[in-house]
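Please look over the sequence and the model below before reading on. The text then walks through some of what can be read from them.

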Amino acid sequence: MSKILVTGANGQLGNEMRKLAPISKTNTFIFTDIEELDITNQEAIRILIQQEQIEIIVNCAAYTNVDKAEDDSEMANLINNKAVENLAIVCQDVGATLIHVSTDYVFQGTKNTPCREDEQTNPLGVYGQTKLAGEQSVQNSGCKYLIFRTAWLYSAFGSNFVKTMIRLTDEREKLSVVFDQVGTPTYAGDLAALIFQTIETKQYETLNGIYHYSNEGVCSWYDFAIEIAALAAHDTCDIQPCHSDEFPSKVKRPAFSVLDKTKVKADFNCKVPHWKVSLQKCMKELEGSF
Ligand SMILES: NC(=O)C1=CN([C@@H]2O[C@H](COP(=O)(O)OP(=O)(O)OC[C@H]3O[C@@H](n4cnc5c(N)ncnc54)[C@H](OP(=O)(O)O)[C@@H]3O)[C@@H](O)[C@H]2O)C=CC1
Ligand SMILES: Cc1cn([C@H]2C[C@H](O)[C@@H](COP(=O)(O)OP(=O)(O)O[C@H]3O[C@@H](C)C(=O)[C@@H](O)[C@H]3O)O2)c(=O)[nH]c1=O
């Protein structure tokens, strides 16, 4: 029996972890968000970890507003890097394992083959830079860790591209969506299932390092929007592809950030659902809300 702490548990991934916890056969999960545990406070982390004798931390907390981060780099760095360093230092001190989550936005995305874990990083914006710094803080701490880099996360919880597209394709007659940024959408429930499996089967005891995990397949945000609208039966909105420079944003995003999952599939022996299959699952959960 191990005790697991999930931080940032009110977000998309945290809520998906909450759904799985009750089926655990061997572990007890404690869920916190900023109100219960502000991870920028190292002392508060230390007290909770020691009091509860936590063996694993799953860090789902992050600053995820990519546009806002450009004007708020201090806060983004505090949450995506400094706070992650806090978790890693405490884990190292008490011998706990840190399971952390990072992003495809650590890559520049200028090549057109799937990104492997050992490939050169070069984030284009503040969000990606602070997430990369967070990865490095974990690695430098000396703690036992797993970092799952994922991409284009969505779920029935929180706000995300799927929910935005459901709303916009209902409200508008016409919509432009970028087709020159290519990646893979990932259902947060699938990533949570992998993290849960890692804990339940104790894979974290033998595996460590960075792993790429997204759903299977490749698409542009435009393709993703088309599929969302089709599943929502929002067929009156005319969705048109546009270039990135036609969609106003202060941050440059990677043009191609498909993640290569060869390593995670081999080491974790996990089956990865295609993004269209998982999108259908999530849309079913959202039924009634559109
Ligand atoms: N969303 C995406 O598309 C992608 C996300 N990721 C990564 O996956 C992980 C999970 O993302 P996701 O579930 O979407 O994130 P969310 O933004 O949905 O959730 C993050 C949670 O962390 C909380 N939080 C913020 N600051 C603190 C703090 N100081 N202490 C404790 N909790 C805090 C947030 O609270 P509040 O809302 O009040 O700020 C929120 O509840 C993150 O590491 C993210 O970088 C990777 C690729 C894609
Ligand atoms: C709403 C909208 C967005 N877009 C574009 C903007 C952007 O290039 C793309 C996706 O929009 P988003 O705001 O969801 O993008 P963004 O917030 O950048 O999504 C990213 O979030 C962080 C947390 C990650 O880690 C990444 O993996 C990725 O999921 O679609 C349109 O072209 N038309 C639209 O109407």
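This is a predicted model: local features need pLDDT of at least 70, side-chain atom pairs count only at pLDDT 80 or more; totals for chains, interfaces and linings use all residues.

Ligand 2 is surrounded by 19 residues, with V66, T103, F161, V178 and W221 the closest. Here the elements that supply two or more residues are helix 6 (161-171) and strand 7 (174-178). Strand 7 provides the largest share of the shell around ligand 2, namely four residues. The shell around ligand 2 divides into 12 nonpolar, five polar and two charged residues.

The last topic is the packing of two helices. The axes of helix 8 (residues 221-231) and helix 10 (residues 275-286) come within 11 Å of each other and cross at roughly 40°. Helix 8 is therefore oblique to helix 10, since angles under 35 degrees would count as roughly parallel and those from 65 to 115 as roughly perpendicular. The crossing of the two helices is right-handed. On the helix 8 side the contact is made by E227, I228 and L231, which meet K276, L279, Q280 and M283 of helix 10. The residues of this contact between helix 8 and helix 10 comprise four nonpolar, one polar and two charged.

Notes. Residues are numbered from 1 along each chain as its sequence is written. Chains are lettered from A and ligands numbered from 1 in the order in which they are written. A residue is near a molecule or strand if its C-beta atom, placed from the backbone, lies within 6 Å of it. Ala, Val, Leu, Ile, Met, Phe, Trp, Tyr, Cys and Pro count as nonpolar, Asp, Glu, Lys and Arg as charged, and the others, Gly among them, as polar. Axes are lines fitted to C-alpha atoms, for helices over the stretch in contact, and angles run from 0 to 180 degrees between N-to-C directions. Angles under 35 degrees count as roughly parallel, over 145 as roughly antiparallel, 65 to 115 as roughly perpendicular and the rest as oblique. A crossing is left-handed if the near helix is turned anticlockwise from the far one by less than a right angle, and right-handed if clockwise. Two residues are in contact if their C-beta atoms, placed from the backbone, lie within 7 Å.
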